Amino acid sequence: MTIEKQWQTICHKDDLVKNSGVCALLANEEQIAIFQVKDDVFSVGNWDPIGQANVLYRGLIGDSKGQIYVASPLYKQRFVLNSGKCLDDETVAIKTYDTRLQNDEVQVLA
Amino acid sequence: MSIKQKIVVVGNGMVGHHFVDEMAKHDGYEITVLSAEDRLAYDRVHLSEYFSGKTAEDLALTTPEHYNELGVKFFTDAKVTNINKAEKTVSTETGDKYAYDKLILATGSYPFVPPIPGKEREHCLVYRTIDDLDAIQASANSGKVGVVVGGGLLGLEAANALKELGLQTHVVEFAPQLMGVQLDKDGGELLRNMIEGIGVQVHTQKATSEIIDGEDCVHRMVFADGTHLETDLILFSAGIRPYDNLARDFDLQIGERGGIVVNNECQTSDEHIYAIGECALWNNFIYGLVAPGYTMAKVAVDNIIGGEQQFTGADMSTKLKLMGMDVGSIGDAHARTAGAKSYTYFNEPDDIYKKIVVSADGKTLIGAVLVGDTSEYDSLLQYALNAIELPKNPDSLILPSSGEKPTLGVDALPDTATICSCLNVTKGDIISAIDAGACDVAGVKSCTKATTGCGGCAALVKTVTDHELEKRGVEVSTDICEHFAYSRVELFHIVKVEKIRNFDTLIEKHGCGIGCEICKPAVGSILASVWNDYVLQEDHLPLQDTNDTYLGNMQKDGTYSIVPRMPGGEVTPERLIVIGEVAKEYNLYTKVTGGQRIDLFGARVDQLPDIWEKLIAAGMETGHAYGKSLRTVKSCVGSTWCRYGVQDSMAMAIFLENRYKGLRSPHKIKFAVSGCTRECAEAQSKDIGVIATENGWNLYVSGNGGMKPRHGDLFATDLDDETLVKYIDRYLMFYVRTADRLTRTSVWLDNLEGGLEYMQKIVIDDHLSINQELESQMDAVVDTYQCEWKTTIEDPKQLKRFRQFVNSKAVDKNIEFVTEREQIRPARGDEKSYKGVQIHTVDITTDREVEPA
């Protein structure tokens, strides 16, 4: 059985930190990292597959050749926010979630 | 249009699969794969990782979708039982018949189980397939002790697997040493000691005569010498035997001791039938490694399409990690070649053994054994494979660097040098990949497949790639990163001269993009050095490294450690009690640091503000242990208490620590003040070292402990208090302005043109007429100091950021501790009770935990 994904309301847009990240818990207990980069909002899994800890929301935001990424606060591997790809180790990747702002509320498709 | 040639491949192991991949590159062939197993090819080389978390999917080398894309027909559970050479057909157990033009036998091998009475008993297993691993796991669950019969390479891998499964593990070997094929006697002996050191017992020269019921365990193994060993699980890993029964039954030539005889084209005695991999006998030899099998697969493909490649033997050198220990073997490890001579290096205390074997004329390397340290393996292998002439003293290749070690420049390698032996990629192949447009290691990798086998050549591939790129003039730039075409020093000047106060303005005017983890913290530090604003204010916050963002030191599990400032290492009993009480209340691991203060570990991000509120209420402030800034001023008690002290080193240390605390700099800064020439505070190993004299203070600069120790240079002598502080002001501020990011004062001074003398001219003689400016800039930093934690806990908006979740009060369940020596430490993966999201769920509307059903 597959469960249909739904837009979940996570928080108010003022809960986000500009050009940095916050962490939220989904209904199924997955942790996600939500980043506000200028006017865009991205959500990815909070689990750092290399550092093996729930820390990605505390990473630095950067861009390389136009790809916006978060650098893990533990060992600095960079994960592209819209694809989940790791720029430093192609054998790992993180989950990404569609994210939108709806009447100042942050919603995530999960 | 001609009809496609029919290629039938029997067996889908690693080699059979490699053949399919290679064959499918050519048009005009219809490929059919018949596999007796129930799954398609998977990686047997990394089989043991199945027990450390890899799944069958992770190990898979291909998928049905991949074969479909290639247009390859495949059938699993299709065991071939008949070959009709005249009719050119094969048929399976179930009676399905397949016609072929060329038949490839890639049936592999099976583990040899010695004919010991009792070998059929339950829990007597082998280690070869994923199904075997499942059986081993099941068996291990019900037992405590496991024995591997066979101390070869595979046997030791199997022993590692048993150890990972938590069994008390033994290795029983018939020969007098472990890994007799690859290692010589001394190497084998050292490996044995190391393996026993991690708790695996090794029994050599033991022949098992029978297996009977045990008294304490399931089995008792009785040995020929009358001794015995009890165990619950026995794994046979005593070598492999080729699966050659098809060839036997249908009259293909078979070797005396098994194996399907093949010629240099990998053809069997029937020219339309090829055999490759571990079932094939070439030159009376069966290769039990994957790399020669891959080469055979390529040769067979080439012959089918009309090429003339030949299989002419393969290099059996290996480098691997066994139970965490490095082992390498190259060529003639036993020095059996006529006239061969050896050089040996044996370092017993560090468990390192290295031997090289050279030809009779001493000019070429023909073999090597490395145990405990395989760092020279790559270059030794290149010497051996390419017959590169050895240096005058060949032993210099393996001796520890007591002098210049001749390094084998990649330029010395011929284009034919094999760099990746698994996939047979040469230096020439890498060069062609770069010529074809690959501009980094990743590009070379996807083009040549180098490093995708065992991965042991990764470092060499990178060196060759970088070297070739450099030769093509790929420039090394001093730009800090892709966002700014400036060095840190240049950025510092821009910020100061143009009075820029935030990152956005700087990048808009002088850079591009949004920044990165290199330029953001560097600019954050520059802005703090110049303007000293609160580091967490809205426009500075996103610039900080994680430690600064949360004003703590992140540990491996995502928790933080907390260090209150303790100037000079002085602390009142009252404050010490508060620290103890806080540590107790929040169950923090407590340790005294090397900088004479106390570190509290294991605080969750959401606990940090509460903890700091308590510490601040007791009069403490942040210790900046997280920042690239002043850490501590270490001291001895000096003339206040000590019989030998000549100055009040305590008072000076506390004064200096309070003056420079919070100063953001290119890297961390450490000070020390000693009260006499006995130097108990070890000031000469610090960035700034002050040592008391009868007449005042001697100032030492740019010392370092840590990674690259350096004694401080004596900068000036017999200074009074005021001059001492002025000199330090100037010296530090000049460093802050001119050093590259993440450069300590030691490296900075070593790389500074003019060095110590130049700095003395600036600081003492005001050679650049900037001393007043340096001092007033330092005064400004000192005057604007704030305890960042105090500012933070007073600001509700900041406090919000320390929530773990924006939408729940739950805590991160992945953070778990165990107790060790009466304190906590982070639980390792196997010690954690929380295994993932499926175990607990949280109702986010009530924040209440829902227990699993």
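Start by selecting B:Cys124: B:Ile234 in strand β16 of chain B stands opposite. What you have open is a predicted model, where local features need pLDDT of at least 70, side-chain atom pairs count only at pLDDT 80 or more, and totals for chains, interfaces and linings use all residues. Residues are numbered from 1 along each chain as its sequence is written, chains are lettered from A and ligands numbered from 1 in the order in which they are written, and side-chain values use heavy atoms, with hydrogens and water left out.

**The parallel sheet**

Now colour β9(B) and β16 (residues 233–236) of chain B, which run parallel and are joined by 3 bridges. Two strands count as paired if DSSP finds at least two bridges between them. Strands themselves are DSSP runs (E, at least two residues), helices are runs of H or I with at least four, and both are numbered from the N terminus.

Axes are lines fitted to C-alpha atoms, for helices over the stretch in contact (heavy atoms within 4.5 Å).

**A helix with a buried glutamine**

Jump to helix α9 (residues 377–385) of chain B, where the buried residues include B:Tyr377, B:Leu380, B:Leu381 and B:Gln382. Buried means under 20% relative accessible area, exposed over 50%, and partly exposed in between (1.4 Å probe, protein chains only). Pick B:Gln382: its relative accessible area is 2%, and its side chain reaches the backbone oxygen of B:Thr418 at 2.8 Å. Just after α9(B), look at B:Ala387, which takes a positive phi of about 50°.

**A hairpin**

Go on to strands β37 (residues 817–820) and β38 (residues 823–826) of chain B, an antiparallel pair with 4 bridges. B:Phe817 stands opposite B:Pro826. There are 2 residues between the strands of this hairpin, and B:Arg821 takes a positive phi near 45°.

**Where chain B meets chain A**

Show both chains. How many residues does the contact take from each? The count is 43 from chain B and 43 from chain A. The area buried between them is about 3200 Å², with carbon and sulfur atoms giving 52%; this is the accessible area (1.4 Å probe) that two parts lose on being put together, summed over both. In chain B, select B:Ile514, B:Glu517 and B:Val806, which lose the most area to chain A, together 19% of what that side buries.

The interface has 5 salt bridges, each a side-chain nitrogen of Lys or Arg within 4 Å of a carboxyl oxygen of Asp or Glu. One to click on joins B:Asp545 and A:Lys76, with the closest N and O atoms 3.6 Å apart.

**Zooming out**

Finally, view chain B whole: 25 helices and 40 strands, with a C-alpha trace spanning about 100 × 65 × 60 Å along its principal axes. Of its 853 residues, 53% are buried.

Key: Polar contact = N/O pair within 3.5 Å; in protein donor to acceptor, adjacent residues only side chain to side chain.
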